[in-house]
Amino acid sequence: MRNLSRTKPYVYSGPERFQLFKKVASLEPGVSEEAQYQVCGETVIQQNGGRVLVVISPETDESSDFDYRIYTLEDSLSEFPRNSFRLVSFANETLYFQIEDRQPQKIEPGERLTIKPELAEAGFVSVVFRDAAGDLLYSKKWYSEPEVRDLVFLRNYDGRRGKGRLGVRIITEVVKDLRVSLAE
């Protein structure tokens, strides 16, 4: 897996409980390291015949038993259409997102929001993120086009001057046809 990229689509026919493992050194003398694995993340995958996107991120909750948090997102064109942005918040605070002059929309920690710009063809749209106090966290122009959908990950971090900032990572996907052959 590469950081911030989509892998090729796969047909998953395994158990509902999806787990990630990491190799760990054995504390028992004489036991091979190759045989020792520890669960470092897990989730349940609902297999309802649709497309599911599995998102893996480092766990930020110190009390968690796992190193990674695993999210599943509906990935069909009906839920995540062309010419749209899907926002996934890994932030630890409530955010307010505004595109162009539309009403701001609230995004709670861990929440997802899909928004489709009101453009007939490709073009730039202004986006703004603010915190609950109304302070500006992020402002840019994003490019939107008919055959593309953008997956947007949001997270907090402290800036150089200690001021809270919003990290935004975008994975762009050209979607000509989602009926591509799936690897087994």
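A salt bridge is a side-chain nitrogen of Lys or Arg within 4 Å of a carboxyl oxygen of Asp or Glu. In this predicted model, Asp67 forms such a bridge with Lys22, and their closest N and O atoms are 2.4 Å apart. The model is predicted, so local features need pLDDT of at least 70 and side-chain atom pairs count only at pLDDT 80 or more, while totals for chains, interfaces and linings use all residues. Residues are numbered from 1 along each chain as its sequence is written, and side-chain values use heavy atoms, with hydrogens and water left out.

**Salt bridges**

- A search of the whole structure finds eight salt bridges.
- Asp67 lies in the loop between β3 (52–58) and β4 (68–74), whereas Lys22 is in strand β1; the pair links distant parts of the chain, 45 residues apart. Strands (E, at least two residues) are DSSP runs, numbered from the N terminus.
- Asp67 is partly exposed at 34% relative accessibility, and Lys22 is partly exposed with a relative accessible area of 32%. Here buried means under 20% relative accessible area, exposed means over 50%, and partly exposed is in between (1.4 Å probe, protein chains only).
- Glu42 forms a salt bridge with Arg17, with the closest N and O atoms 3.9 Å apart. Because Glu42 lies in strand β2 (residues 37–44) and Arg17 in strand β1, this pair ties together parts that are 25 residues apart in sequence.
- The side chains of Arg102 and Glu118 meet in a salt bridge at 3.5 Å, N to O. Arg102 is in the loop between β6 and β7, and Glu118 is in the loop between β8 and β9, 16 residues apart.
- Arg102 is partly exposed, with a relative accessible area of 23%, whereas Glu118 is exposed, with 71%.
- A network of salt bridges links Asp75, Arg149 and Glu173.

**The open sheet**

- Four strands form an open sheet in the order β7-β6-β9-β10, with antiparallel pairing. Two strands pair if DSSP finds at least two bridges between them.
- β7 (105–107) and β10 (136–144) stand at the edges, each with a single partner strand, so one side of each has no neighbour in the sheet.
- From one strand to the next, the twist averages 25 degrees. Axes are lines fitted to C-alpha atoms, and angles run from 0 to 180 degrees between N-to-C directions.
- Strand β9 (residues 123–131) is joined to β10 by eight bridges, and the two run antiparallel. Val128 has Ser139 in β10 as its bridge partner.

**Nonpolar cores**

- The largest nonpolar core has 19 residues, and those with the most contacts inside it are Leu87, Phe97, Phe129, Trp142, Leu154 and Leu166. Such a core is a set of buried Ala, Val, Leu, Ile, Met, Phe, Trp, Tyr and Cys residues joined through side-chain atoms within 4.5 Å.
- Among the elements that give two or more residues to this core are β5 (84–89), β11 (148–158) and β12 (164–174).
- A second, separate core of nine residues includes Leu53, Phe80, Val88 and Leu151.

- Phe21 has its place in strand β1 (residues 17–23) and counts as partly exposed at 46% relative accessibility.
- Leaving aside neighbours within four places in sequence, Phe21 is in contact (heavy atoms within 4.5 Å) with Tyr37, Gln38, Val39 and Cys40.
- Phe21 and Gln36 are 15 residues apart in sequence and 9.7 Å apart in space, C-alpha to C-alpha.
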